[in-house]
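Subject: Structure handover

Hi,

Here is the structure for you to look at. My notes on what turned up follow below it.

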There are 2 protein chains.
Amino acid sequence: MIRWRLDIAYDGTDFSGWARQADRRTVQGDLELWIPRVLRLDSPITLTVAGRTDAGVHARGQVAHVDLPDETDASDLPRRLRRVLAEDLVVACASRAPLGFDARFSAIWRRYVYRLWDAVSQPDPLLRHQVVRVPDRLDLDVVNRSAEHLLGLRDFAPFCRPRAGATTVRTLLGLAAARVGPRGPIELEVRADAFCHSMVRSLAGAMVAVGSGRRDEVWLASVMTSRTRHSALTVMPPHGLTLEEVGYPPDEDLATRADQARSVRSLPAEQPLREPGPASVAKALPPRDEDQT
Amino acid sequence: MIRWRLDIAYDGTDFSGWARQADRRTVQGDLELWIPRVLRLDSPITLTVAGRTDAGVHARGQVAHVDLPDETDASDLPRRLRRVLAEDLVVACASRAPLGFDARFSAIWRRYVYRLWDAVSQPDPLLRHQVVRVPDRLDLDVVNRSAEHLLGLRDFAPFCRPRAGATTVRTLLGLAAARVGPRGPIELEVRADAFCHSMVRSLAGAMVAVGSGRRDEVWLASVMTSRTRHSALTVMPPHGLTLEEVGYPPDEDLATRADQARSVRSLPAEQPLREPGPASVAKALPPRDEDQT
């Protein structure tokens with residue numbers, strides 16, 4: 001088998017998210033239906049994805065991989081899929097993956113943008129499926145000052161929908177808001193090694209709360225100490241969120257990175273992140289939570 | 001009565017164009033229904049618009065005016081309409097119009113952008129309702145060189161759907177194509193004093209024909225000599241077109257400009273553009289063709 005990397009973009013509006021579901025239209029479902037057909041494969045395929053986006057979340061820079069029989073040339077896949085896929089789903093590029101590449105586990109970061117119109121913004125009806133309107137004016141200086149306190153390796157449990165046996169420890173690499181033009185939308189850029197479920201949209205909700213003045217930094221600090229999902233946090237609507245880009249290390253580090261990411265993350269106090277444990281223990285642990293927003 | 005200027009944006013996808021029609025959803029129809037309601041007016045209103053966009057054409061910088069009773073304060077109109085209008089239609093601003101202002105006749109230019117993905121572009125599914133895909137690669141140097149030959153005051157009959165008694169003489173002030181980013185869409189910017197029906201979309205069709213190499217500049221020159229609509233010209237789909245901006249002169253020139261624009265345009269050889277004719281003759285002539293794309 002040969003591994004192929006697919007670069008994918010979609011308008012999430014009419015999809016029930018990335019992950020295949022019976023009787024629902026999903027991105028994975030559409031691709032796993034059509035790729036074997038246009039390549040005339042005898043067997044079904046399974047895609048592995050960098051970011052399992054929720055229903056309504058968009059993507060411009062989604063990455064997936066698929067293992068195909070040696071004799072299959074998939075480089076023409078974008079053109080072939082264009083003929084059969086609906087216009088809200090585009091495979092932009094299909095390329096042979098470098099050795100050790102895993103779309104999910106080799107990724108070193110995911111970059112999402114949450115788009116907002118606040119009271120200062122001039123809403124553009126042409127972008128309404130990608131931007132969420134909030135009634136207040138957001139003070140971006142306050143947002144960006146508050147955001148700095150959230151950076152780094154920490155337990156994002158207060159921001160995450162819990163999943164049995166899955167860790168909520170992540171490294172938040174970037175969180176910053178900027179207005180596009182004097183009356184344009186606000187782009188809240190969020191970058192982390194990976195995300196747990198609802199994390200980006202809860203972070204966006206927290207930033208809206210402090211930026212509008214409805215909450216302050218003391219409140220945010222108290223939220224951060226919660227060991228479980230914090231009930232006062234608003235999970236912002238999915239359609240403001242777009243997966244913009246997935247980062248991978250240089251080719252020679254792909255396999256090493258994938259091995260690291262397969263192990264469960266934890267905070268240094270509990271278990272050092274890179275401490276090698278016995279293989280049997282590592283296997284008994286559930287895999288680290290998938291990136292899911 | 002006091003005249004108000006309205007700045008309007010809409011996603012044209014679900015509208016049968018600007019102009020009011022019985023039993024069809026139109027921008028004018030929605031606004032003329034809701035403005036009297038939210039302002040609690042006793043009488044119906046009539047909007048006058050700068051650019052009568054066709055079904056499916058979008059607008060970010062549409063301008064209209066409406067005359068309202070002296071005692072009516074419409075400055076809060078954007079907020080009130082937001083509560084009742086669907087999200088694909090936004091009145092961004094309502095302001096008291098300066099003396100002599102007429103949204104249609106005071107305008108000195110309209111700027112449209114036609115957006116295309118060619119073979120080099122990376123289509124973005126989130127923008128598919130505003131961008132049209134063409135199969136070829138477009139040579140923008142060829143497009144821009146050809147475009148220069150079309151500038152100026154001339155009869156655009158080859159590019160226009162005919163309308164009885166209406167002139168097709170217009171001044172094309174700008175026509176230029178640029179690619180947004182290395183793999184982005186192509187923006188074809190078209191600016192004229194006004195447009196006749198299907199003119200922008202036919203100009204876009206001509207530019208695609210020469211840019212793709214399917215036609216050459218000799219062909220374009222021959223098209224230009226046609227006295228009637230040229231059958232070989234493709235009218236591009238409406239959803240690629242957006243009315244971006246309408247230009248008005250300084251306030252003190254508004255009334256003069258409106259008087260000029262109400263008279264019928266013609267080429268210098270037939271009738272000098274600014275020659276003052278007897279008022280009776282001017283009234284007998286049909287008004288100059290409305291801007292309609």
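This is a predicted model: local features need pLDDT of at least 70, side-chain atom pairs count only at pLDDT 80 or more; totals for chains, interfaces and linings use all residues.

Most residues other than glycine have a negative phi.

Start with Arg40(B). Its phi is positive, about 55°, and it is not a glycine. The residue sits in chain B, in the loop that joins helix H1 (27-39) to strand E2 (48-49). Is Arg40(B) buried or exposed? With 12 or fewer C-beta neighbours within 10 Å, a residue counts as exposed. Arg40(B) has 7 other C-beta atoms within 10 Å, so it is exposed.

Now Ser198(A). Here phi is near 75°, again a positive value in a residue other than glycine. Ser198(A) lies in chain A, in the loop from strand E9 (186-192) to helix H4 (199-211). The cut-off for buried is 20 or more. Ser198(A) is buried, because 21 C-beta neighbours fall inside 10 Å.

**Helix H4(A)**

How far apart are the end C-alpha atoms of H4(A)? They are 18 Å apart. At 1.5 Å a residue, its 13 residues should span 18 Å, so the two values agree. Burial is the other point: 13 of the 13 residues of H4(A) are buried, so the helix is largely enclosed by the rest of the structure. Just after H4(A) comes Gly213(A), with a positive phi of about 85°.

**How the chains relate**

Two copies of a chain are related by a rotation about an axis and a shift along it. The same surface serves both copies, as 100% of the contact residues of chain B recur in chain A.

**The contact**

Chain B puts 17 residues into the contact, and chain A puts in 17 residues. On the side of chain B that touches chain A, the elements giving two or more residues are strands E1 (2-10), E3 (58-68) and E4 (89-96) of chain B. E4(B) gives the most, with 3 residues. By class, that side of chain B has 8 nonpolar, 3 polar and 6 charged residues.

Best wishes

Key
Residues are numbered from 1 along each chain as its sequence is written. Chains are lettered from A and ligands numbered from 1 in the order in which they are written. Helices (H or I, at least four residues) and strands (E, at least two) are DSSP runs, numbered from the N terminus. Two residues are in contact if their C-beta atoms, placed from the backbone, lie within 7 Å. Ala, Val, Leu, Ile, Met, Phe, Trp, Tyr, Cys and Pro count as nonpolar, Asp, Glu, Lys and Arg as charged, and the others, Gly among them, as polar. The expected span of a helix is 1.5 Å times one less than its number of residues.
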